[in-house]
Amino acid sequence: MNSAERFLQDFHQRRPGTTPPAFAGLSLAGRGSSYDILAATLDPLPPDAQVLDLGCGDGFLLEQLARRYPTARLLGVDMSATELQAAHTRLAGRALLLNERAQSLSLASASVDAVLSHLALMLMSDIEQVLQEVHRVLVPGGRLSMVVGREFLLGELGQHYLHAFRAAARRDGLAPLPLVDPRAQSQEGWRQLLGRHFKSLHFEALDLPWTPTFEALWDALGDTYDLDRLTPANQAQIKNQLHHSTRHLQRADGTLPTGWGLWLIQARAA
Ligand SMILES: C[S@@+](CC[C@H](N)C(=O)[O-])C[C@H]1O[C@@H](n2cnc3c(N)ncnc32)[C@H](O)[C@@H]1O
């Protein structure tokens, strides 16, 4: 386990369930949230299909899948025991939950009809090994659908945040933490990663609008991996700096225009 994976283990142990509050409320007109959009890629799903949510966290997507596909056999995998405890409570036995690493799945080969992953696969270390495992457990031609990060805080707000964060990271002497493989940061890189085991690759850029007040923005940023690594004094400093540098972006109702840039990637096991 490398330093990035150790950090993720520790973060999710301390702070389970931070992703759904940040993303469930953001939506694209007519298509719903990124969880809805991901779930919809399974339509039409055969009645007894086996569906795996990889990096399922507190089970928010699995709960949606249970509602949408009442006869599907649902599986969730996550390496964080605390996230899975929350998923157990949420799902009340509706899905089989496995506390294991995606790099080494206990599932039988060719046993899963579809693998979904929401904002998790791009964080997994040794991503080639993970994709090999996903391919192994999928039936031939089985579906892989994932939502992954593309751009954090769209527009000018994002530039101000990056500027402030980089200065704060320097002040704290923060060592770089490679949470995302460089290849998982571009469409070309994803094509390279997926090309070995998957076919029929399809990419769609999703820009989910978000218009928080400054306080709502700051609350949400407080749940991100980056800010979690800064000292409290440095967090207070970055907050002031960001408040100041984004004041001109604030609209009459006090909100700031931004959004989350995501990829919806779909593929079939070759
Ligand atoms: C940002 S959270 C997303 C949770 C959930 N999919 C959602 O969107 O609500 C990422 C999740 O991936 C899990 N994770 C990261 N690396 C993993 C790995 N190698 N194996 C299994 N789970 C992993 C983390 O424990 C965490 O629960």
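Ser145 lies in strand S5 (residues 138–151), where helices (H or I, at least four residues) and strands (E, at least two) are DSSP runs numbered from the N terminus. The model is a predicted one, in which local features need pLDDT of at least 70 and side-chain atom pairs count only at pLDDT 80 or more, while totals for chains, interfaces and linings use all residues. Residues are numbered from 1 along each chain as its sequence is written, and side-chain values use heavy atoms, with hydrogens and water left out.

Ser145 has 0% relative accessibility and therefore counts as buried; the term buried stands for under 20% relative accessible area, exposed for over 50% and partly exposed for values in between (1.4 Å probe, protein chains only). Beyond its neighbours within four places in sequence, Ser145 is in contact with Leu38, Thr41, Val115, Leu116, Ser117, Ile265 and Gln266, contact being defined as heavy atoms within 4.5 Å. Its C-alpha atom is separated by 8.4 Å from that of Leu42, a residue 103 positions away along the chain. The side chains of Ser145 and Thr41 are joined by a polar contact of 2.9 Å. Such a contact is a pair of N or O atoms within 3.5 Å; within protein, one must be able to donate a hydrogen and the other to accept it, and residues adjacent in sequence count only if both atoms are side-chain atoms.

Thr41 belongs to the loop between helix H3 (34–40) and strand S1 (50–54). With a relative accessibility of 9%, Thr41 is also classed as buried. Residues up to four places away in sequence aside, Thr41 touches Leu116, Arg143, Ser145, Leu264 and Gln266. The loop between H3 and S1 also contains Pro44, which is joined to Asp43 by a cis peptide bond with omega of about -10 degrees.

The strands form an open sheet of seven, in the order S3-S2-S1-S4-S5-S7-S6 and with mixed pairing; two strands pair if DSSP finds at least two bridges between them. Strand S3 (95–99) and strand S6 (198–210) are at the edges with a single partner strand each, so one side of each has no neighbour in the sheet. From one strand to the next the twist averages 15 degrees, with axes taken as lines fitted to C-alpha atoms, for helices over the stretch in contact, and angles running from 0 to 180 degrees between N-to-C directions. Antiparallel pairing of S6 with strand S7 (residues 258–269) extends over 11 bridges, and Leu206 has Leu262 of S7 as its bridge partner.

Helix H5 (residues 81–91) has Thr82, Glu83, Leu84, Ala87 and Leu91 buried. These buried residues pack against H1, helix H4 (60–68), strand S2 (73–78) and S3. Most residues other than glycine have a negative phi. Ala110, in the loop between S3 and strand S4 (112–118), has a positive phi near 50 degrees and is partly exposed at 42% relative accessibility. In strand S6, Ser200 has a positive phi near 55 degrees and counts as exposed, at 53% relative accessibility.

Glu133 is located in helix H6 (residues 127–137) and is buried, its relative accessibility being 10%. A polar atom of the Glu133 side chain lies 2.7 Å from the backbone nitrogen of Leu105. Apart from residues up to four places away in sequence, Glu133 touches Ala102, Gln103, Ser104 and Leu105.

Rings of Phe, Tyr and Trp (its six-membered ring) were paired if their centres lie within 6.5 Å, with planes under 30 degrees apart counted as stacked, over 60 as edge-to-face and the rest as tilted. This rule gives 10 aromatic pairs. In one of them, the ring centres of Phe11 and Tyr225 are 4.8 Å apart and the planes stand at 75 degrees, so the pair is edge-to-face. Because Phe11 lies in helix H1 (residues 3–14) and Tyr225 in helix H10 (residues 225–228), the pair ties together parts that are 214 residues apart in sequence. Phe11 is buried at 0% relative accessibility, and Tyr225 is buried with a relative accessible area of 18%. One aromatic cluster is formed by Phe23, Phe152, Tyr161, Phe165, Trp210 and Trp260. Arg150 lies over the face of Trp263, 5.6 Å from the ring centre; the criterion is NZ of Lys or CZ of Arg within 6 Å of the ring centre and within 35 degrees of the ring normal.
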